[in-house]
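Subject: Structure for your review

Dear colleague,

Please find below the structure that I am handing over to you. My notes on it follow, and I would ask you to read them with the structure open.

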Amino acid sequence: MSKKVALITGGSQGIGKAIAERLVKDGFAVSLVATNKEKLQKVADEINNNGGEALPIVADVADRDEVFAAVEKTVNHFGEFNVIVNNAGLGPTTPIDTITPEQFEKVYGVNVAGVLWGIQAAHKAFKDLGHGGKIINATSQAGVVGNPNLALYSGTKFAIRGITQVVAQDLATEGITVNAFAPGIVKTPMMYDIAHQVGKNAGKSDEWGMQTFAKNIAMKRLSEPEDVANVVSFLAGPDSNYVTGQTIIVDGGMQFH
Ligand SMILES: NC(=O)c1ccc[n+]([C@@H]2O[C@H](COP(=O)([O-])OP(=O)(O)OC[C@H]3O[C@@H](n4cnc5c(N)ncnc54)[C@H](O)[C@@H]3O)[C@@H](O)[C@H]2O)c1
């Protein structure tokens, strides 16, 4: 069987990095898309030095042309393309009265348009290659139930679940499945930034800020990025072939839908 190929946006750190490492273990060659060149190169080097195959690509997912170019580069480099993981995202805390038009454009540009462009570019590549594939989108527990102070973020993540349901139906007869994963509170740079803000506001440490989130989790532990990567591995592999349009919540027991 020829090698399967996956592109992961936001693959330079956090959840995207864990997904890349897991998919490499599952036998995929991966291309990693992010904006930070140095971090991206470091993750790619680690994978390549450990027997895997990784191609780093600097691109802004909010830019449609850059996303199409990233998918094209992946196909040209590996000769195949099977899975896109639209994982890149921004998670600012935005009390309702503070939101500006610029912030709206930026967050919706990355979190929503970035996923749409990823879906379009992957669809084109699957058609050109003459086979189906798997599209996997990052939403959040905050995209299942609105979280306070996250009007922008929660809105974008609700949108991702809607887009996932629609595109799953639009592309089902082409052998393409479209699903989403909804993490809870994951130990990543994004979450540490939020915890830092929460701790600072209360005059406490970052760790204190982080632990305030754990009390809402049935399992009473924060998520490791690998907890999320395990679910993405299922969605990227053959065991999920009869699953489409779904959001799998992976939050240790926060939202029960
Ligand atoms: N950390 C959590 O607790 C949590 C919870 C629920 C959902 N999520 C979602 O999971 C995904 C990954 O989150 P994370 O915590 O690993 O985030 P992170 O901030 O640690 O990493 C984000 C990644 O996205 C990339 N990125 C950001 N803007 C980009 C752009 N315009 N173009 C290309 N790449 C860009 C960054 O370079 C980085 O690689 C996000 O969609 C996030 O909303 C995270």
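A residue is called buried when its relative accessible area is under 20%, exposed when it is over 50%, and partly exposed in between. Please keep in mind throughout that this is a predicted model.

**Two residues with positive phi in loops**

The terms above can be applied at once to Asn-149, which lies in the loop between β5 and α5. Its relative accessible area is 44%, so Asn-149 is partly exposed. Asn-149 also has a positive phi of about 70°, although it is not a glycine.

Lys-220 is likewise not a glycine and has a positive phi, here about 60°. Lys-220 sits in the loop between α7 (206-214) and α8. Because its relative accessibility is 56%, Lys-220 counts as exposed.

**Helices α4 and α5**

Two packed helices are described by the angle between their axes and the distance between the axes. For helix α4 (residues 101-129) and helix α5 (residues 151-171), the axes come within 10 Å and cross at roughly 15°. Angles under 35 degrees count as roughly parallel, and α4 and α5 are therefore roughly parallel to each other. Their crossing is right-handed.

Which residues meet where α4 and α5 are in contact? On the α4 side they are Gln-103, Phe-104, Val-107, Tyr-108, Asn-111, Val-112, Val-115, Leu-116, Ile-119 and His-123. On the α5 side they are Leu-152, Tyr-153, Gly-155, Thr-156, Lys-157, Ala-159, Ile-160, Ile-163, Val-167 and Leu-171. Sorted by class, this contact of α4 with α5 has 14 nonpolar residues, five polar ones and one charged one.

One further residue of each helix deserves a look. Lys-127 belongs to helix α4 and is exposed, with a relative accessible area of 53%. Lys-127 and Glu-174 are 47 residues apart in sequence, and their C-alpha atoms are 8.5 Å apart in space. Thr-164, in helix α5, has 0% relative accessibility and therefore counts as buried. Leaving aside residues up to four places away in sequence, Thr-164 touches Asn-137, Val-178, Asn-179, Ala-180, Gly-245 and Gln-246.

**Helices α1 and α2**

α1 packs against helix α2 (residues 37-49) at an angle of about 20°, and the two axes are 11 Å apart. This angle makes α1 roughly parallel to α2. The crossing of α1 and α2 is right-handed. In the contact, α1 supplies Lys-17, Ala-20, Glu-21 and Val-24, while α2 supplies Val-43, Glu-46 and Ile-47. By class, the contact of α1 with α2 has four nonpolar residues, three charged ones and no polar ones.

The expected span of a helix is 1.5 Å times one less than its number of residues. The twelve residues of α1 should therefore span 16 Å, and the end C-alpha atoms are 17 Å apart, which agrees. The buried residues of α1 are Gly-14, Ile-15, Gly-16, Ala-18, Ile-19, Ala-20, Leu-23 and Val-24. Just after α1, Gly-27 takes a positive phi of about 105°.

Gly-27 is also one of the residues that Lys-3 touches. Lys-3 is found in the segment before β1 (4-9). With a relative accessible area of 40%, Lys-3 is partly exposed. Lys-3 and Ile-176 are 173 residues apart in sequence and 18 Å apart in space, C-alpha to C-alpha.

**Helix α8**

The check on length can be repeated for helix α8 (residues 225-236). At 1.5 Å a residue, its twelve residues should span 16 Å, and its end C-alpha atoms are 16 Å apart, which agrees. The buried residues of α8 are Pro-225, Val-228, Ala-229, Val-231, Val-232, Ser-233, Leu-235 and Ala-236.

Yours sincerely,
A colleague

Notes:
Residues numbered from 1 in each chain as written. Predicted model: local features only at pLDDT ≥ 70, side-chain atom pairs only at ≥ 80, totals over all residues. Heavy atoms only, no water. Helix = DSSP H or I, 4+ residues; strand = E, 2+ residues; numbered from the N terminus. Buried < 20%, exposed > 50% of the residue type's maximum accessible area, 1.4 Å probe, protein only. Axes fitted to C-alpha atoms, helices over the stretch in contact; angles between N-to-C directions. Parallel < 35°, antiparallel > 145°, perpendicular 65-115°, else oblique. Left-handed = near helix turned anticlockwise from the far one by under 90°. Contact = heavy atoms within 4.5 Å. Nonpolar A, V, L, I, M, F, W, Y, C, P; charged D, E, K, R; others polar.
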